[in-house]
Amino acid sequence: MEGWDPSTKSTLTRIPLLTTKAGPRDGDAWKQRLKEEYKSLIAYTQMNKSNDNDWFRISASNPEGTRWTGKCWYVHNLLKYEFDLQFDIPITYPATAPELELPEIDGKTQKMYRGGKICLTVHFKPLWAKNSPRFGIAHALCLGLAPWLAAEIPILVDSGMIKHKDDAASSAES
């Protein structure tokens, strides 16, 4: 955690670490891991809300907990930009981090792969590998998606690649 700003360190230390090393094919161990994932996500969400930093909603979209969907948003110039968020839990989880997808902005930045998968290879993947299996979905959001949104969304907005929903609605009416 050397070199991290104090806010990131503080946030990360308050997200519960996971203890069960299990993936989707591990039966009851996976169910235990899912319980830990939910506890970690709840703690992270509550922390964000208490700090007036609420920026995502996600939930498992299948009973097995291998497909997740939701919304994430970023506020830039006092305007809220909201995006669909989705990802699958890889079979090799937790050794492999989930690939977070924002399909609406697919192809609008070089820091994204086909299908809207955000680029996390250089900075996040080594961190995940070093901390597996203690990191989970909440950590992927905190250390992967949040910094990606903070770095990319202002550039995409300022370059005109992303329009605010109110701007898009008013230009459609014209």
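Colleague: Which residue in E2 stands opposite Ser59?

Modeller: The model is predicted: local features need pLDDT of at least 70 and side-chain atom pairs count only at pLDDT 80 or more, while totals for chains, interfaces and linings use all residues. Residues are numbered from 1 along each chain as its sequence is written, and side-chain values use heavy atoms, with hydrogens and water left out. Strand E1 (residues 56–60) pairs with E2 in the antiparallel sense over five bridges, where pairing needs at least two bridges found by DSSP. In E2, the residue opposite Ser59 is Thr69.

Colleague: Which residue in the turn of the hairpin of E1 and E2 has a positive phi?

Modeller: Strands (E, at least two residues) and helices (H or I, at least four) are DSSP runs, numbered from the N terminus. Six residues lie between E1 and E2 in their hairpin. A positive phi of about 75° belongs to a residue in that turn, Gly65.

Colleague: Is His164 buried or exposed?

Modeller: His164 is found in the loop between H4 and helix H5 (165–173). Buried means under 20% relative accessible area, exposed over 50%, and partly exposed in between (1.4 Å probe, protein chains only). His164 has 5% relative accessibility, so it counts as buried.

Colleague: Which residue has its backbone oxygen 3.1 Å from a polar atom of the His164 side chain?

Modeller: Not counting residues up to four places away in sequence, His164 touches Leu79, Lys80 and Tyr81, a contact being heavy atoms within 4.5 Å. The backbone oxygen at 3.1 Å from the side chain of His164 is that of Lys80.

Colleague: What is the relative accessible area of Ile162?

Modeller: Ile162 also lies in the loop between H4 and H5. Leaving aside neighbours within four places in sequence, Ile162 is in contact with Tyr81, Phe83, Ile105, Ile153, Leu156 and Val157. Ile162 is buried, with a relative accessible area of 6%.

Colleague: Which element gives the largest share of the lining of the largest pocket?

Modeller: A pocket is an open set of points on a 1 Å grid over the protein atoms alone where a 1.4 Å probe fits, with protein on both sides within 12 Å along at least five of seven lines; lining residues have an atom within 4 Å of a point. Here 36 residues line the largest pocket, and Cys142, Leu143, Ala146, Pro147 and Trp148 lie nearest its centre. Among the elements giving two or more residues to the lining are helix H1 (6–14), helix H2 (28–50) and helix H4 (137–158). The largest share, ten residues, comes from H4.

Definitions and conventions
A polar contact is a pair of N or O atoms within 3.5 Å; within protein, one must be able to donate a hydrogen and the other to accept it, and residues adjacent in sequence count only if both atoms are side-chain atoms.
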